[in-house]
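This report goes through a model of two chains, feature by feature. Keep the structure open while reading.

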Amino acid sequence: MSNVPADLKFTKSHEWVRTLADGSVEIGITDHAQHALGDLVFVEVPEAGRAVQAGEACAVVESVKAASDVYSPLGGEVVAGNPLLATQPEAVNTNPYGAGWLMRLMPAAGAIAAARLLTAADYQKVLEAEGG
Amino acid sequence: MPNQERVIFEYSTPGRGASDQWPADPGEEALADLPPRLRRATPPGLPEVGELEVVRHFTRLSQLNFSIDTHFYPLGSCTMKYNPKACNQYAMLPQFLARHPLAPESCGQGFLECMYELQEMLKEVTGMRGVALSPMAGAHGEFAGVAMIRAYHQARGDAVRNEIIVPEAAHGTNPATATMCGCVVREIPVDSEGDVDLEALKAVVGPNTAGIMLTNPSTLGVFERRIGEVARIVHDAGGLLYYDGANLNAILGKVRPGDMGFDVIHMNLHKTFSTPHGGGGPGAGAVGVGERLLPFMPIPVVGREGGTYRWLEEADLPHSIGRLSAFMGNAGVLLRAYIYMRLLGRDGMRRVGEYATLNANYMLKKLTEAGFDAAYPRRRASHEFILTLKRQARDLNVTAMDFAKRLLDYGFHAPTTYFPLLVPECLLIEPTETESKDTLDAFVTAMSQILKEASEEPGRVSGAPHTMPVRRLDDVRAARQLDLTWKPTAQP
């Protein structure tokens, strides 16, 4: 059973979004996603200052099974990529909702509402529908 | 159980050597032109071993390998079929081997005739209007194909078209090719039956569409049933259709990409048309084109004038995307493809497609009867099919990778695992047309036996392989620590 924290928002493509105090958001991949990928061996995160569109591939997570793009759940400007992951990609496996965050983003105006993010309960339903 | 073969340096004994293999001493005079700073001060750190030790070492290494000559090799998407020895034998004729690539055309008419006929046969079997043989491998052929698509749009003053549509069931190299050609990749989904999502396709095509890259049958092991509709939508939007020849074996002699509406195709000749592959080459990625792309073919192409053959170069094809390689491609692989097609003939080619498909469907049926789940249970297989072991992973805690490793103990090369990515815990199985029913049955029996073990004694499966010289490798550590250099424990 995957860990789906109630205080986060989610996407169907298995990203999570946390709103921070300054209005920026932290983005990562879910416990289900890291489990499906397996042990990560390489993570590429975007550089600060990059403008991303909602749905744009903006990070890469690579495991021994596969390399996958991570899509930005919403549009905005990248505030930071997680520097830890260059040397410790396994942080995404061990702590996907904490130390394993991928990037912080300052959302464009109205981007959060436009993103139609899922609640924890709705994301749980997505997982059940996938048989996970 | 065979022992692990040591690194050849570990057999080294000072002073030992193979004196008859030693290069002649060039003498000081020959070295006089080399500046002193470029001369090495110490001898190279080569292993000091006798000729017999070298022979035994490499023979033993070769025996540790799984190969088509020794094992059933159902590696999906790779078409690991048997390549008749006759193809090799004829391609090794001294008249071919000794031909210099720069020999005058008048001295190589026999070779050129073979290449010309190969172009003609490939045109016929794929339904295209022109074929160029020079790309060196599949990815090279893909590059040539997308480069021609771009050249076509640019020649029409439509250079804004830089988007290549790639369905998620496309071959894995397609997005890489599009990116290498300076295009932007637009991925679209497939539906639950494995067909391209036409609504998503309609939503993504437009004035920026350069083309779409597809393989049919797709990487999901099913035939794209609405290919005519896909072609119409893309052509109406001003884009072109690229056919990845990865799965050509399935439709050989039955359906032609040209008739499906494709404008350009690459063929992995080393795969579908007889060259042992999987070892990193050499390959041959010939490209075929429809009417619109004829002027842009890479050079050289073999042309015929009366009874003589010659290379067509830039003067003949001024709009060509140019040369992609020195000389004219991998002659040895092209010759094998030519000989293979001549040996099979038109009827034989059709039987390749029929038996590749029949064998895959037979195995799919047998394996589902044995308790495995097909990823697309309502679809007939093409030349390959996907099992999903999602249920076994959940209920028995035994993964697709565990099954793959355990198959090695049973004497089978594993199928492709965890590809395509959109099917969880998948095995992509491609038996090819060259395997007998006995072999297919033996594989099904092994899979059933492993399934039984998985429920009764899961450790036997999750701890596999047990009989190989190397057990389960730590592939995570290998990927994180990329230094593979062997370092001597003591200086030789």
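How many residues lie between β8(B) and β9(B) in their hairpin? The section on the hairpin gives the count. The model is predicted.

## The open sheet of chain B

Chain B has an open sheet of seven strands. Their order is β1-β7-β6-β5-β4-β2-β3, with mixed pairing. The edges belong to β1 (130-132) and β3 (184-188) of chain B. Each has a single partner strand, so one side of each has no neighbour in the sheet. On average, neighbouring strands are turned by 20° against each other, direction ignored.

Val131(B) is placed opposite Gly288(B) of β7(B).

## Helices on the sheet

Helix α6(B), residues 138-155, packs on this sheet. It touches β2 (163-167), β4 (209-214), β5 (240-244), β6 (264-266) and β7 of chain B. The direction of α6(B) makes about 165° with that of β6(B).

Helix α7(B) covers residues 173-180. It lies across β2, β3, β4 and β5 of chain B. Relative to β2(B), α7(B) runs at about 175°.

## The hairpin

Strands β8(B) and β9(B) form a hairpin with two residues between them. In the turn, Gly306(B) has a positive phi of about 65°. The strands span residues 301-305 and 308-312, run antiparallel and are joined by five bridges. One of the bridge pairs is Val301(B) with Leu312(B) in β9(B).

## Helix α5 of chain B

Does the length of α5(B) fit its residue count, or depart from it? The helix has 18 residues, 109-126. At 1.5 Å a residue it should span 26 Å. Its end C-alpha atoms are 26 Å apart, so the two values agree.

The buried residues of α5(B) are Phe111(B), Leu112(B), Cys114(B), Met115(B), Tyr116(B), Leu118(B), Gln119(B), Leu122(B), Val125(B) and Thr126(B). Just after the helix comes Gly127(B), with a positive phi of about 75°.

## Backbone exceptions

Most residues other than glycine have a negative phi, and most peptide bonds are trans.

Is Arg116(A) buried or exposed? It counts as exposed because it has 12 C-beta neighbours inside 10 Å, and the cut-off for exposed is 12 or fewer. Thr79(B) is buried, because 24 other C-beta atoms lie within 10 Å and the cut-off for buried is 20 or more.

Cis peptide bonds occur in chain B too. One runs from Phe419(B) to Pro420(B), with omega near 0°. Pro420(B) is in the loop between β12 (416-417) and β13 (426-429) of chain B. Another runs from Ala464(B) to Pro465(B), with omega near 5°. Pro465(B) is in the loop between α16 (458-462) and α17 of chain B.

## Contact between the chains

Eight residues of chain B are in contact with seven residues of chain A. On the chain B side, helix α17(B), residues 475-480, gives the largest share, four residues. By class, this side has five nonpolar, no polar and three charged residues.

How values were computed
Residues numbered from 1 in each chain as written. Chains lettered and ligands numbered in written order. Predicted model: local features only at pLDDT ≥ 70, side-chain atom pairs only at ≥ 80, totals over all residues. Pairing = 2+ DSSP bridges. Axes fitted to C-alpha atoms, helices over the stretch in contact; angles between N-to-C directions. Contact = placed C-beta atoms within 7 Å. Nonpolar A, V, L, I, M, F, W, Y, C, P; charged D, E, K, R; others polar. Expected span 1.5 Å × (residues − 1).
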